[in-house]
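Please keep the sequence and the 3D view open while you read.

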Amino acid sequence: MTDQHVPQNLPKRLQHFVAGEFVDSLDGATFDVLDVDRAVASARKAFDEGPWPRMLPRERARVLNRIADIVESRDERLAEWESFDSGLPITQALGQARRAAENFRFFADLIVAQADDTYKVPGKQVNYVNRKPKGVAGLITPWNTPFMLESWKLAPALASGCTVVLKPAEFTPLSASLWPEIFREAGVPDGVFNLVNGIGEEAGDALVKHEDVQLISFTGESATGQLIFANAAPTLKALSMELGGKSPAVVFADADLDAAIDSTVFGVFSLNGERCTAGSRILVERPIYDEFVRRYVERAKNIKVGDPHDPATEVGALVHPEHYAKVTGYIEIGKTEAKLAAGGGRPEGLESGNYVQPTVFVDVPPTARIFQEEIFGPVVAITPFDSDEEALELANDVKYGLAAYVWTSDLERAHNFGQRIDAGMVWLNSHNVRDLRTPFGGVKASGLGHEGGYRSLDFYSDQQAMHISLAPVHTPKFGA
Ligand code: NAD
């Protein structure tokens, strides 16, 4: 970026955080693997010998609430670092910092309210569930909204009593370097939280293959998820995978058009379009298609692209030149596949930096790559449809199934249509507004397993079945 605002107090170099201390990388060709070994050993020791897994839920909840307080009190610094590191607009980075605090509060409440099942077999047995933290959790996170996504894994893992090794994305390690201080101040015992910086194929891979790591919670690309799935097989780890998306927003002719336009514009251009649940394919019913496109394009052309640090900025700079090349590459492909109606290049006046104009393609055929593949930038494909059946076919005609958005004023259609979409999460007449209690995750190539609410606690715990006999048990007398 040109004339980029540089936040104060940036660390001069990034270190790992292991067993309660900041440490440098070990030297040598296999340093990432050795660093992961150190971090896992520290987490293992804290799990086997330390107080954290043995504390009352109420005590852990107090620590989690303190973490939330500290995150909130530092939200501006956090947002500055995040915006500097990722190119996210500062106002949106601030929103993400607050969501991170909320994740800790939410799981603090949940762990205290947690109840487990008990079953009675009258006169014979009482059986109950003994919930235990699973062990050492390996957390591997992507570069979009990094701090918030890290919190989405750290909060339930810690609430459950696991100890953790976090491997943040190599594009955006800065905000993660704030966790050690936050956890220490909140009273997380040494060794419970460990941080290893490094590239995915080395540090991430070593974590996935480590014998002493019981589970991997991964958020990232579907292709990486597939690789991790295979690499985790020999050590039989529990896996939670939150992967890519190409989510449809379906706008019927009876929709509240003003609201649908506000929402579908925000749904794909917020967070620079680097958003897993972006509504990046908009399907519009033919009678309103021309009007929708005209108004949508007008709005897209008006979006303020600029310096991420400027509070007026709506779309900032993409995270990295590599990703910039990917997104602009897709825009060039799009120009050969469909009609370009807005954007399509670099915004005027922003001659350097990873800036892309909000780009709208219309009349996009479902066979187009820009319809099928995740671009993960400020690029949207708009396609008309003539019937509910056609809309459903188009909505489901991709390998992904993360989110979907349906716009209609017909309540019956909204439910029936929404329920038939292959998507882990559907919003009716809304963009992505999360309720932390609901399942979060995708189907098809968008993920494996659902977190959210008690599902997250279930993922980070083992549920041991305890059986107690209340009367002599009938036992066949073998060898008697
Ligand atoms: P990525 O898959 O390239 O990397 C994600 C993380 O995995 C990084 O920390 C990386 O270092 C690590 N990694 C890479 N290769 C690895 C390997 N072989 N073994 C272990 N770890 C490895 O993804 P990204 O480009 O950072 O993130 C963008 C992607 O994440 C998009 O596809 C987006 O849709 C997805 N995403 C999904 C959700 C969701 O909840 N479903 C949320 C946010 C982002």
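## Ground rules

Contact here means heavy atoms within 4.5 Å. Helices (H or I, at least four residues) and strands (E, at least two) are DSSP runs, numbered from the N terminus.

This is a predicted model, in which local features need pLDDT of at least 70 and side-chain atom pairs count only at pLDDT 80 or more, while totals for chains, interfaces and linings use all residues. Residues are numbered from 1 along each chain as its sequence is written, and side-chain values use heavy atoms, with hydrogens and water left out.

## Two domains

Let us begin with the overall layout. The protein chain splits into domain 1 (3–243 + 442–465) and domain 2 (248–428), with bounds that come from an automatic or database domain assignment. Taken over C-alpha atoms, the centres of domain 1 and domain 2 are 31 Å apart. Across the boundary, 27 residues of domain 1 are in contact with 32 residues of domain 2.

## Helices α2 and α5

Two packed helices are described by the angle between their axes and the distance between the axes. The axes are lines fitted to C-alpha atoms, for helices over the stretch in contact, and angles run from 0 to 180 degrees between N-to-C directions. Helix α2 (residues 57–73) packs on helix α5 (residues 146–160) at an angle of about 160 degrees, and their axes are 9 Å apart. That makes α2 roughly antiparallel to α5; angles under 35 degrees count as roughly parallel, over 145 as roughly antiparallel, 65 to 115 as roughly perpendicular and the rest as oblique.

Which residues of α2 and α5 meet? From α2 come Arg60, Leu64 and Val71, and from α5 Phe147, Ala155, Leu158, Ala159 and Ser160. The residues of this contact of α2 with α5 divide into six nonpolar, one polar and one charged. In this scheme Ala, Val, Leu, Ile, Met, Phe, Trp, Tyr, Cys and Pro count as nonpolar, Asp, Glu, Lys and Arg as charged, and the others, Gly among them, as polar.

## Helices α1 and α7

Helix α1 (residues 31–49) and helix α7 (residues 200–209) pack with their axes 8 Å apart, at an angle of about 40 degrees. The two helices α1 and α7 are therefore oblique to each other. Asp32, Val33, Val36 and Val40 of α1 make the contact with Glu202, Ala203, Ala206 and Leu207 of α7. Sorted by type, the residues of the contact of α1 with α7 are six nonpolar, no polar and two charged.

Now for the strands, where two strands pair if DSSP finds at least two bridges between them. Three strands form an open sheet in the order β3-β4-β20, with antiparallel pairing. Its edge strands are β3 and β20 (461–469), each of which pairs on one side only. From one strand to the next, the twist averages 20 degrees.

Strand β3 (residues 118–121) is joined to strand β4 (residues 125–133) by four bridges. Lys120 has Val126 as its bridge partner in β4, and Val121 stands opposite Gln125 in β4. β3 and β4 form a hairpin with three residues between them, and Gly123 in the turn has a positive phi of about 75 degrees.

How many bridges pair β4 with β20? The number is nine, in the antiparallel sense. In β20, Gln125 has Ser469 as its bridge partner, and Asn127 has His467.
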